[in-house]
Amino acid sequence: MDNEMTLTFLAIGENEQLARMAITSFITPLDPTIDQLSEIKTIVSEAVSNAIIHAYPNERGQVVLNAL
């Protein structure tokens with residue numbers, strides 16, 4: 001696949017689902033298995049929640065998600 005995506009969103013917990021859905025849609029052309037999709041959703045959730053919790057503990061910021 002020769003594609004890329006950049007998604008920027010507010011660093012709030014509700015946007016974790018947005019990140020998961022965006023990545024899932026982005027990788028669909030690669031025809032991942034259900035297990036692979038589940039694993040990727042978990043990885044994205046952990047990465048986004050860690051960015052929100054640790055990068056912006058007392059303020060609002062932005063998360064930038066890049067996929068290649």
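This is a short talk on one predicted protein model, going from the whole chain down to a few single residues.

Okay, quick housekeeping. Residues are numbered from 1 along each chain as its sequence is written, and side-chain values use heavy atoms, with hydrogens and water left out. As the model is predicted, local features need pLDDT of at least 70 and side-chain atom pairs count only at pLDDT 80 or more, while totals for chains, interfaces and linings use all residues.

Let's start with the big picture. The protein chain has two helices and two strands, and along the sequence they follow the pattern β-α-α-β. The C-alpha trace spans about 40 × 25 × 15 Å along its principal axes. Of the 68 residues, 29% are buried. Buried here is under 20% relative accessible area, exposed is over 50%, and partly exposed is in between, using a 1.4 Å probe and protein chains only. Now take the contacts, meaning heavy atoms within 4.5 Å, with a separation of 6 or more: residues 24 or more positions apart account for 70% of them.

Next, the strands. In which sense do E1 and E2 pair? Strand E1, residues 5–10, pairs with E2 in the antiparallel sense, over six bridges; to count as a pair, two strands need at least two bridges found by DSSP. For example, Met5 stands opposite Ala67 in E2. Strand E2 covers residues 62–67, and Val63, Leu65 and Ala67 are on its covered face, with Gln62, Val64 and Asn66 on the uncovered one.

On to the helices. Two packed helices are described by the angle between their axes and the distance between the axes. The axes of H1 and helix H2, residues 34–55, come within 9 Å and cross at roughly 140°. Those axes are lines fitted to C-alpha atoms, for helices over the stretch in contact, and the angles run from 0 to 180 degrees between N-to-C directions. So H1 is oblique to H2: under 35 degrees would be roughly parallel, over 145 roughly antiparallel, 65 to 115 roughly perpendicular, and the rest is oblique. Among the residues making the contact are Ala19 and Ile23 of H1, and Val44 and Val48 of H2.

Let's walk along H1, which runs over residues 15–27 and includes Gln17. Gln17 is partly exposed, because its relative accessibility is 45%. Beyond neighbours within four places in sequence, Leu18 is in contact with Leu7 and Phe9.

Is Ala19 buried or exposed? It is buried, because its relative accessibility is 0%. Leaving aside neighbours within four places, Ala19 is in contact with Phe9, Val44, Val48 and Leu65.

Last stop: the loop between H1 and H2, where we find Asp31. Most residues other than glycine have a negative phi. Asp31 is not a glycine, yet its phi is positive, about 55°. Asp31 also counts as exposed, because its relative accessible area is 65%.

That's my tour, thanks!

Technical notes: Helix = DSSP H or I, 4+ residues; strand = E, 2+ residues; numbered from the N terminus.
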